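Subject: Model handover

Dear colleague,

Please find the model below, with the sequence. My notes on it follow.

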Amino acid sequence: MNFRKGYLAFAALLISQFSFSQEGIAVYSDYLSDNYYLIHPSMAGAANCAKVRLTARQQWFDQDEAPMLQTLSFNGAVGERSGMGVIAFNDRNGYHSQTGAKLTYAHHLRFSRSDYDLNQLSFGISAGIIQSRLDESSFLDSWPDPNDPIIHGGVEQKYSYFNVDIGASYHYLDFYAHFTVKNAIESERKIYTDYEPDNLRKYLLSAGYVFGDSDRIQWEPSVLFQFTEETEEKAIDANIKLYKDLDFGKLWGGLSYRRSFDGAQYWTGSEIKEQNLQYITPFIGLNYNNFMFGYTYSHVLGDAQFATGGFHQITIGFNLFCGKERWDCNCPAVN
């Protein structure tokens, strides 16, 4: 294996851990753009507004058939103690693509002594259907073995499966924590071969605290830990987010750093090196009255990279049916 092949093979393997996840919506950094519901079903209807969020993510503008993802979500309160939500998404990576939709129900238990003292435990469940597709129409032109039984040639293979996400959230004054199990049930898939793992389960644990004064600047450190059960892959996000109240809304931004605990080896031409997936994501956004706009840019760190370009994502949204701010706390996710 020459240097270039080894370099690109490593980079493709390393980045694919998080750039495309054939298990529904991959966990990127878009949850920091006022979009926790996208990864935690227990956040449906937790805020004092119903939220519409549209995201578009594009990776590696300098590469053909680069990964891209679009999501559309809506969630809001139903009565005093419940919330509902829906998510639709389209994910494409070269010859592979997937589309799906999820429907969410959440219930919120309040232990507050008054309407201003936030102390809330929430539970949520999302049920969804996902269709994966593999377009092999051009495979036979370049495949080394035209008799390979796995390759069907001009057939676009499709496979649909059902799964659920379950989770819980806890908010106490300026502190919050979330725990979610994605793809909680085993799902049979046979889009590539008859021997694909049924276990797509992933565990997410996140927590944070909001410091500061709303009249000046608020700052919010947080962490997100991910664990994939089948492969035992682990990764952690360390985030810092700042808020500044304005006359017409709120300006916010921050920085996120993700590091995988699992590395991969690659050959440089003279020696074997090892590198863990890690990338840094600056993000910025603005809430203008009931309109929201956010932008994130993720850049992979390390010597081995598939392309020089990073990952761009834009989020736009609207807040609907807003009530008064219920809680006397620094808690932007629910107030």
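By class, twelve nonpolar, ten polar and seven charged residues line the second largest pocket. Here Ala, Val, Leu, Ile, Met, Phe, Trp, Tyr, Cys and Pro count as nonpolar, Asp, Glu, Lys and Arg as charged, and the others, Gly among them, as polar. The space in this pocket is about 630 Å³. Of its 29 lining residues, Lys-250, Asn-287, Glu-325, Pro-332 and Asn-335 are the closest to the centre. The elements that give two or more residues to the lining are β10 (217-228), β11 (233-246) and β12 (249-267).

A pocket is an open set of points on a 1 Å grid over the protein atoms alone, where a 1.4 Å probe fits, with protein on both sides within 12 Å along at least five of seven lines; lining residues have an atom within 4 Å of a point. The volume is the space filled by probe spheres set on the points, which are joined across faces, edges and corners. Helices (H or I, at least four residues) and strands (E, at least two) are DSSP runs, numbered from the N terminus.

This is a predicted model, in which local features need pLDDT of at least 70 and side-chain atom pairs count only at pLDDT 80 or more, while totals for chains, interfaces and linings use all residues. Residues are numbered from 1 along each chain as its sequence is written, and side-chain values use heavy atoms, with hydrogens and water left out.

Disulfides

There are two disulfides in the structure, a disulfide being a pair of cysteine sulfur atoms within 2.5 Å. Cys-49 is joined to Cys-322, S to S 2.0 Å. The torsion about this S-S bond is about 120°, so the disulfide is right-handed. The two cysteines lie 273 residues apart, Cys-49 in the loop between α1 (3-19) and β1 (50-59) and Cys-322 in the segment after β15 (311-320). Cys-49 is buried at 11% relative accessible area, whereas Cys-322 is partly exposed at 36%; buried means under 20%, exposed over 50% and partly exposed in between (1.4 Å probe, protein chains only).

The other bond is between Cys-329 and Cys-331, also with sulfur atoms 2.0 Å apart. Its torsion is about 70°, so this disulfide is right-handed. Cys-329 is buried at 16%, and Cys-331 is buried at 6%.

Backbone

Asp-34, not a glycine, has a positive phi of about 55°. Asp-34 sits in the loop between α1 and β1 and is buried at 18%. Glu-232 has a positive phi near 60°; its place is the loop between β10 and β11, and Glu-232 is exposed at 52%.

Aromatic rings

The count of aromatic pairs is eleven. Rings of Phe, Tyr and Trp (its six-membered ring) pair if their centres lie within 6.5 Å; planes under 30 degrees apart count as stacked, over 60 as edge-to-face and the rest as tilted. Phe-225 and Phe-261 have ring centres 6.2 Å apart and planes at 70°, so the pair is edge-to-face. Phe-225 is in strand β10 and Phe-261 in strand β12, 36 residues apart. Ring pairs also link Tyr-31, Tyr-36 and Tyr-176 into a cluster.

Arg-57 lies over the face of Tyr-28, 3.7 Å from the ring centre, and Lys-241 over that of Trp-252, at 4.6 Å. A charge sits over a ring if NZ of Lys or CZ of Arg is within 6 Å of the ring centre and within 35 degrees of the ring normal.

Regards
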